[in-house]
Amino acid sequence: MATGALLLACALLAGVAVAQRVVTVQSGPLIRTEGSHVTVWCNVTGYKEGVEQDFEWSMYLPSVPDREIRIVSTAQPNYAYAVYAQRANSKEIYVERLSRDSAVLHITKVQANDQGLFECYTPNTDGRYLGSYSARTNLTVIADSLTVTAPAQTLSKVEGDTLQLTCEVSRTTMQHTHLSVGWYLRSPEDAAAPPQELVTLSRDFVLRSGGPYRQRMVAGDLRLDKTSATTYRLTIHKLQPVDQGLLYCQAAEWIQDTDGSWFAMTRKQSDKTQLRIQPTDRDFSIQVSTERRSFTAGEPLELRCTIEAQNVPERFFSVSWVFSSSPVAVVGPSAVPVLGPEYVAREAAGHMTVRKESANVHLLKLQHLRPEDAGKYICRVTEREKTPTGDFIDRSKRSRNVQITVQPLKSNITVSLSTNSSEVLEGDVIQLTCLVQTTTGPLSVSWQWTDKEETGPAQELASVDRDGTVWHSPVYRERSSYGEIRVEKVGADAFSLSLYNALPGDEGQYSCTATEWLQTGTEPELNWEKIGEKAASKTVTVKTVESSFMVSAVSRTPSVTFGDSFDLLCLVKPRHNPRVPTSVTWRFMPAGAESDDEEDQGEFKDLVTFTREGTLQWGEQLLGLGTRTTVDRSHSNTNFRLSVTRAGRREAGKYQCTAVLWRRNYDNSWSRVANRTSNLLGISVLQPESKLRVQKTNQSQVYLEDSRVRINCSIASQTSKDSQHAVLWYVRRATGSEADELLLRIERSGAFEYGAYADEERLRRRVQAERLSPRLYVLTLNRAENSDSGTYYCLVEEWLSDPDGAWYRLSRESSGFTQVLVRQPEVRLQVEESEANVTVEESSSIRLGCSIPSQSSRDSRFSVSWYVERSDDDDDDDDDEDDVGQPGDEERDPECVFSIGHDAVFGNGNCSPREDAGPNSRLQFGRMTSDQYSLTIQGARPTDAGRYYCHVEEWLLNPRNAWYRLATNNSGFTIVNVLQQVSTLQSVVCSNDALFYFVFFYPFPIFGILLIALLLVRYKSRNNSKSQEGKNGAPLLWIKEPHLSYSPTCLDPPALSLHPGSVD
């Protein structure tokens, strides 16, 4: 029992050990140079067998050791972080999978910032976690300090000379590294060929050489010496022509990883030295090569004769090909072949090629081997060389025999037949393709047909001979002459049979028989041998078109509005076939012309016909005069569209389409197969729905007389941009008349028509209608009157033109109401109302003022009158002068003193003054400003005493040029008292004009004349003594004008005085 338990425990432990996952990565640190190609391998073991493992690579920077930076993954294409995404996408960093559980990370060009800790992680695929799933290694990136220098030069040597070349190799790496230095030779003729290693000093300081130079290094003819710490010298003794080419030095810096393996961190090459060697050896050798020596008849044979010698391009060789002791061809130094007599025809047929591929390689190629081509082939080379004496000598060599065997050809052809469709529609193409595979010789193909029931013998259709000649059987020859049957060779191993305009009688089984041939014998006796024959068949069914021929008409817009478009579609099934075309006709019966009998279609007339040739033929009935109707059809000729644009009344009615199916015979004659008529389509053309909207805002407006009244009529929306409007203006009198009166009508053409109301109210001259914009109309009343008050509104009619050019009214809508009130100006008349007491003496002036501080209008005119109220006592004292009083009255009515009308005519005011105005009137009227009036009474009398005031009337001119009185107002009272005076001398003198002039005026001129005469006498008396007195400086007598002083009033007489200084 204990032994069994122990065995079980051991088994479990063994199972656990097997299942434990272990991930290993290349141990580090890995020291690599910047710019080199770095590889890190990663393996996983202990996983479930049969599951491919994925690998995910990440790295950790030394500066941030805890931050993972993803690089690349085999499972996730977008695994890399942004810092590595571009390099991973460009394959600069990638993972190479070696096996199911092993992969290698490649960094093709390592960078300095790639230094860090790299981790390889393998996702779990076992369903449970056991073991390690990742491993890490450290990568250190150092600078590349390796330098390799050698001078670039061109050297010319003679065969057998000695060559020495030096190379400088240095490094400054701090790590422990080894160097390997070698010399290599590259052929100048083939730059793509790998370089040839001459000699190399390995990192372990072991000297080795390439294969061809190993024996020469053992013999001491090839040496590599280290002459200093950085200098390496190559020495070649006994130069040979094969040493010619480009020589260069290559060094590599190696470092040993922790696992003991060596890694080349960097490799560099020096500049190249061009070495030319003049050969001294004239010997040559010949070698004939071929891929194989056993062939099958019909396969190609290629033989190459290679001349191995020095400076072949500079030497003259001729090559001869020999077969079984018979000459095949000779190629001289000029590379022009001369063929043997038995091969001239073969080369002319393109079955043989002889040419010089390069300077030392010649080719013999037989395209189609025959059994008689089996035998021995020899290449003979002859070199012609000129001796120093001027003679020519020939040296010839021949190659070994090359035995060629040719096996007879056996046919292995296979034939497969395919068709475009096992069931084709009548008139379509029956396309059969016969594909022949595994052929070696020419082919001939024949086509046969058998009816579907296979009751009769197979009929031969056509055949294609091995040389491509097509032959048709007599039964189908006429049909093929019209191109109905076509047989072609579309490829080297593909043949086709096409039957155009398939007929029901073409239904049946088609067979393709392919025969392979082989040409035997030689010219002029050539024979063809049949080496194989295979056949394949296919059954094709032809479906008649008439069985599926249908016509239907559809429309998505059975009802349209004026100006809209509608499309009618005629659907014809099956699809169009050029060999079985369809002619389609659209027919039309106008609305209102329908017959009561639905079966009667006599009223339908043809609109347009799509003929079977694809042309258009217009009928006698044209919609929209033929300018608004378009027709088209689909590429497959199954959809025939009739489109009508800007539909009108004439396009309303019933439509239908008829289709006729035609069959085109192979002789280009036509046969009518079937006729179909579609369903009826009714199309209604209606007026568009009106979208006319007029602004309906009600408003009230108050104007003064003689002002301008403006009423707007605004159209908010309209049905079409081409709409035209007629506007009617109406007024509803404020007096409450029953019917609204038409004031004005504006036609859509812009013509005006006045209503009867405009004539009755004499509005023609004052009313004005305008269209400020297409949607804004304005009614203007100039010089508004009070009688113009009322309610105004506009009625808008929307007019549209149908597609035929006829105008029709679509709708009418009225605007909101505008209440207009025309009133007279507000009364603002004011007259100065202050009272005053004036006392004047008799015979003096009385000045009465009248001030108007406020008026109702700037155009107002005033009628001003002055009135006086007198007491009875004053009137009794002056009965002799004015007898206007009525005895017994305590206070009499106001008496008109002065009046001036609004027309500036005196006495034309609101009263008649007692004293008429005139030259001798005591009344003087004055108007200082438009609102300041004055009345002056000269020679005041006692009877002028009383209470004075002015009466003002304000007048305005109405729109009809008639004056009307707007307002009246009175000023305040001015109480005038007149003082009587007693007669005195002064008053007597002043009251008499003649006496006044005699006393105060006449003495002054007389006195002046006397004074002037006195001055003249004195002036003459002193003329004699003028010179003496002038010389002696005696003063002369100067008389100035006397100064008159007088009183401004008549009470003081004027005084004449001579002031001092008047006489000098």
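Leaving aside neighbours within four places in sequence, Trp57 is in contact (heavy atoms within 4.5 Å) with Val25, Val40, Trp41, Cys42, Arg70, Ile71, Val72, Tyr79, Val95, Leu105, Glu119 and Cys120. Trp57 belongs to strand 4, residues 56-60; helices (H or I, at least four residues) and strands (E, at least two) are DSSP runs numbered from the N terminus. With a relative accessibility of 0%, Trp57 counts as buried. On that scale, buried means under 20% relative accessible area, exposed means over 50%, and partly exposed lies in between, with a 1.4 Å probe and protein chains only. Between Trp57 and Ala80 there are 9.0 Å in space, C-alpha to C-alpha, and the two are 23 residues apart in sequence.

Before I continue, the basis of these values: this is a predicted model, in which local features need pLDDT of at least 70 and side-chain atom pairs count only at pLDDT 80 or more, while totals for chains, interfaces and linings use all residues. Residues are numbered from 1 along each chain as its sequence is written, and side-chain values use heavy atoms, with hydrogens and water left out.

Ser934 sits in strand 69, which covers residues 932-937. Again leaving aside neighbours within four places in sequence, the contacts of Ser934 are Arg847, Leu848, Gly849, Trp866, Gln924, Phe925, Gly926 and Met928.

I turn now to the disulfides. A disulfide is a covalent bond between the sulfur atoms of two cysteines; here the criterion is a pair of cysteine sulfur atoms within 2.5 Å. How many disulfides does this rule give? The count comes to 8, and I shall discuss some of them.

Cys167 and Cys249 form a disulfide with their sulfur atoms 2.4 Å apart. The torsion about this S-S bond of Cys167 and Cys249 is about -80 degrees, so the disulfide is left-handed. The pair links distant parts of the chain, with Cys167 in strand 12 (residues 163-170) and Cys249 in strand 18, 82 residues apart. Cys167 is buried at a relative accessible area of 0%, and Cys249 is likewise buried at 0%.

Another disulfide joins Cys305 to Cys379, with an S to S distance of 2.0 Å. The link of Cys305 and Cys379 is left-handed, with -75 degrees about the S-S bond. Cys305 lies in strand 23 (residues 301-309) and Cys379 in strand 29 (residues 375-386), so this pair ties together parts that are 74 residues apart in sequence. Both Cys305 and Cys379 are buried.

Which handedness does the disulfide of Cys570 and Cys657 have, left or right? The torsion about the S-S bond of Cys570 and Cys657 is about 75 degrees, so this disulfide is right-handed. The S to S distance of Cys570 and Cys657 is 2.2 Å. Cys570 is in strand 44 and Cys657 in strand 50 (residues 653-664), so the pair ties together parts that are 87 residues apart in sequence.

Next, the charged pairs. Side chains of opposite charge can pair when their charged atoms come close. A salt bridge here is a side-chain nitrogen of Lys or Arg within 4 Å of a carboxyl oxygen of Asp or Glu, and a search of the whole structure finds 43 of them.

One of these joins Asp257 and Arg32, whose closest N and O atoms are 3.1 Å apart. Asp257 lies in the loop between strand 18 (245-256) and strand 19 (262-269), and Arg32 in strand 2 (residues 30-33), so the pair ties together parts that are 225 residues apart in sequence. Are these residues buried or exposed? Asp257 is buried, and so is Arg32.

Asp567 forms a salt bridge with Arg641, the closest N and O atoms being 3.9 Å apart. Since Asp567 lies in strand 44 (residues 566-573) and Arg641 in strand 49 (residues 639-644), the pair ties together parts that are 74 residues apart in sequence. Asp567 is partly exposed, at 34% relative accessible area, and Arg641 is partly exposed at 31%.

Asp740 pairs with Arg732 in a salt bridge, with 2.8 Å between the closest N and O atoms. Finally, salt bridges that share partners join Glu302, Arg304, Arg355, Glu357 and Lys365 into one network.
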